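Hi,

Here is the structure I promised to hand over. Please have a look, then read the notes below it.

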Amino acid sequence: MIKPKIIAFYCKWCTSAGADLAGTSRLTYPPNVIPVRVMCSSRVDAEHVLEAFKNGADGVLIGGCHPGDCHYETGNYQTLKRVTLLKKMLEDLNIDPRRLRLEWVSAAEGKRFTEVVKEFTEEIAKLGELKVEKL
Amino acid sequence: MKRIGVFVCHCGINIAGTVDIKRVVEAVKNFPGVVYVEDYKYMCSDPGQNLIREKIKSEKLDGVVIAACSPTLHEKTFRNTVSQAGINPYNCEIANIREQCSWVHTNMEEATEKAIRIVKSIVAKTLLDESLVPIKSPVVKRALVVGGGIAGIQAALNIANSGYEVVLVEKEPSIGGRMAQFSETFPTLDCAQCILTPKMVDVASNENIKLLTYSEVVDVSGSVGNFKVKIKKKAKSVDYEKCTGCGICVEKCPVKVPNEFDRGMSERKAIYTQFPQAVPNKPVIDRENCTYFQKGKCRLCERVCPFGAIDFEQEDEVIEEEVGAIVLATGYELYDVSNMGEYGGGELEDVIDGLTFERLLSSSGPTSGEVRRPSDGKVPKTVVFVKCVGSRDPEHHFPYCSKVCCMYTTKHAMLYKHRVPDGKAYIFYMDVRTAGKGYEEFYQRAQEEDGVIYLRGKVSKIYKSDGKLIVDGFDTLTGRKVQVEADMVVLAMAIRPSSGAEKLFNLLKVSTDANGFLTEAHPKLRPVESLTAGIFLVGCAQGPKDIPDSVSQANAAASMISVMFSQDYLIHEPIITGVNEDLCSGCGICVAVCPYDARKINREKGTVEVNEILCEACGACAAACPSGAAQQKNLTDRQIISMIKAILEE
């Protein structure tokens, strides 16, 4: 099994805070996920996800606040719409849509954060290295 | 290229225990733009901060990356440190290699590898960081309060008592709102008028409050700190400078119309004051019903007025006020009984709503507080109260709980029993919700001391037979059908936002929920702010609530406004999403995704404009923009992509 390379976009208010909580709680998870902190998950553009795949990422994780809890009220709904569309687009590009995942992790869910990362890392490892011909 | 210095913190063994600091330092040295790297045991300590300041000067750094703990902890600290050494604080970034690296991994090799990638991505970001200055905009230290019920009164008094001017706008001739119509208040049974009217008088006598009754907001422009509001003062047809409120005109006026304040159960004149304790206690002419205005003859009030205060020529006047903040306290009304055909609502005269019953209980009401039914003035010996009428009924009416009905219906039944001790009071209920201080005790008292009978179940039908109101219901506790022969029925109708408020909300572009109540900026953390900065929401305009909750909200909004007015400028984080006008086609996609109404299309220029004070920097617009014209400051697409590349580079 490969050691997958994963880019993760965390929103500042929920998921990044949840990741910090995993740290202060000294929970452990695989080190394959490298974080990029954004203000809101809705800041993540399709272009960013595609650039990640193009530059060698095997998986992309986007973490936002739970529905109804978004710091910016509606940002995570925008993200959900975009990710749904983007997954369809990935299929057209011959990229398994499972390589892109959107998860809601709150600032209190340190444990859940680690579970998400573990599970996603395993899934991407199973899917193997992403070979992108032209993007 | 920027000259970047990277400072790697050991955090004792918190980072150094799992991350090989030496290897990080060696790797970082080769990153583009990095001219200096140093590690230290505790970077946040005084010597650590001194080290950073010294090296900024000696190495002529113009960008700094601190590889340490989460930015939540020390981003402010280090930005402060670098600005003391002359660097714009927005050129300092934190690489989180503790919470999101050293603390969550055990294998040093892997943790070190990850830490290097994290630092590399933050260096890539810092290379493209711009120097930014916080956005400042002046504040007009005056507030507008719309709605003169208890919530609006409380907010206005608090803001005024903090030393700021308030414009209080009320559409009715008097302030007081719904609370002025109440009899006694749960759970203490204080008389509503006794606790409300002194506050109304305080409003009138407060030098900082400009009271505009019989007035409506007709236009609003501008934004937080600087709103321009147009207010229509409807013609009162009475010169308040001259009028003393003696009331002779009211006495002599020959026209009688149903009195809205008493829910149509008494009559008022065409020239009238709303109720005896009205503030201001001066009359207005209701032109729709005035003989002179309708037929051109009469002018009796003018003849009897000893002060020449009647002014038939008075016209509506629109005035403009500048304010820095707006409080919406537009209140509620009851869902009309005529919506309840199965209960005879609107058909059967003795099927009334809760507010009408309040007037029957009120000592200043049409019956001077005696419970007499509207149809024939007889004292009803059996009264049925029905709760959740229109509320909690998503299929037919509204899905939400109106919150106050459980308590006021209990109060109604209790007060009825006090007035008519040999009478019977039945309450049909779905649930009894008594969350609130002293509320459960009050409910117990109604059952145990006053003998109010609670029946758990819905009423299916109310109709008239042999002069009695037949209430068909079902008792779900015994599993039996119940039929009560009543003399009067009181329906606890759903609470609805005031009619007319919707127009105002649209004008202000504040959002409402599916039921028409105002939406707060955050349901838990920003409960009295709207999504539009500078606009606050209090009382039932935001959702059904009781008097203590309305007062608390009003206090909260007033305190937030006082904080805002205590500064001469509004200071705003500069990491907003701007517009590159050369790239913007004015498509408006960003306008649609902005939750704060911070963006709008300038038709003349054909591009989008940003109100920087309103932008909260979520970046949703930047991702939505198809041309790359919308870019978030210091988190541009170029920066994000550059971070991604830095992370993935072999």
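**Strand β3 of chain A**

β1(A) and β3(A) pair in the parallel sense over five bridges. Strands here are DSSP runs of E of at least two residues, helices are runs of H or I of at least four, and both are numbered from the N terminus. Two strands count as paired if DSSP finds at least two bridges between them. Within this pair, Ile6(A) has Gly59(A) of β3(A) as its bridge partner.

β3(A) also pairs with β4(A) (residues 100-104), again parallel and over five bridges. There, Ile62(A) stands opposite Leu102(A).

β3(A) spans residues 59-64 and is mostly covered, with six of its six residues buried. Buried means under 20% relative accessible area, exposed over 50%, and partly exposed in between (1.4 Å probe, protein chains only). Gly59(A), Leu61(A) and Gly63(A) point one way from the strand. Val60(A), Ile62(A) and Gly64(A) point the other way.

**How the model was treated**

This is a predicted model: local features need pLDDT of at least 70, side-chain atom pairs count only at pLDDT 80 or more, and totals for chains, interfaces and linings use all residues. Residues are numbered from 1 along each chain as its sequence is written, chains are lettered from A and ligands numbered from 1 in the order written, and side-chain values use heavy atoms, leaving out hydrogens and water.

**The interface of chains A and B**

The contact (heavy atoms within 4.5 Å) takes 45 residues from chain A and 48 residues from chain B. The buried area is about 3,800 Å², and carbon and sulfur atoms give 58% of that. Buried area is the accessible area (1.4 Å probe) that two parts lose on being put together, summed over both.

Five salt bridges are counted between the chains. The rule is a side-chain nitrogen of Lys or Arg within 4 Å of a carboxyl oxygen of Asp or Glu. Asp69(A) forms a salt bridge with Lys524(B), with the closest N and O atoms 3.1 Å apart.

On the chain A side, β1 (6-11), α1 (15-24), β2 (33-38), α2 (46-54) and α3 (75-92) each supply at least two residues.

**A loop in chain B**

Where is Gly86(B) found? Gly86(B) sits in the loop between α3 (71-84) and β4 (92-96) of chain B. Gly86(B) counts as exposed because its relative accessibility is 66%. Gly86(B) and Val133(B) are 47 residues apart in sequence and 13 Å apart in space, C-alpha to C-alpha.

Best wishes
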